[in-house]
Amino acid sequence: MAVRAKVSCEGIEGNSVTFRTVYEPDVEKDTENARFTKATPWGEIRLGIDNPAALEQFEPGKSYYVDFTPAE
């Protein structure tokens, strides 16, 4: 089983990127963010990225999907 979360890039400090899950206080709205608020995990992810090309892929304020699948 896979779980997909939607996160927003909160900021980049050096090579550290912080993400928070999206949150819609009115979960009755018919929006993607409301559906993610009701159905997926909430929290914060902080990643250290040493590869400059990978670090450039993230921008504060933009949203990204994170997929969790079992590792074998």
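Colleague: Which residues form one aromatic cluster here?
Modeller: Phe19, Phe58 and Tyr64 do. This is a predicted model, in which local features need pLDDT of at least 70 and side-chain atom pairs 80 or more, while totals for chains, interfaces and linings use all residues. Residues are numbered from 1 along each chain as its sequence is written, and side-chain values use heavy atoms, without hydrogens or water.
Colleague: How many aromatic pairs does the structure hold?
Modeller: There are 4 (ring centres within 6.5 Å; planes under 30 degrees apart are stacked, over 60 edge-to-face, the rest tilted). One of them joins Phe19 and Tyr64 edge-to-face, with 6.1 Å centre to centre and 85° between the planes.
Colleague: Where in the chain do Phe19 and Tyr64 sit?
Modeller: Phe19 is in strand S2 (residues 16-21) and Tyr64 in strand S4 (residues 63-68), 45 residues apart, and the pair links distant parts of the chain. Strands are DSSP runs of E, at least two residues; helices are H or I, at least four.
Colleague: Is Phe19 buried or exposed?
Modeller: Phe19 is buried, at 4% relative accessibility. Tyr64 is also buried, at 16%. Buried is under 20%, exposed over 50%, partly exposed in between (1.4 Å probe, protein chains only).
Colleague: Changing topic: which residues of helix H1 are buried?
Modeller: In H1 (residues 32-39), Ala34, Phe36 and Thr37 are. Seen down the H1 axis, the buried residues fall within an arc of 165° (directions from axis to C-beta atoms), so they line one face of the helix.
Colleague: And what does the face turned away from the buried side carry?
Modeller: That face of H1 carries Lys38 and Ala39, both exposed.

Notes: Phe/Tyr/Trp six-rings, centres within 6.5 Å; stacked < 30°, edge-to-face > 60°.
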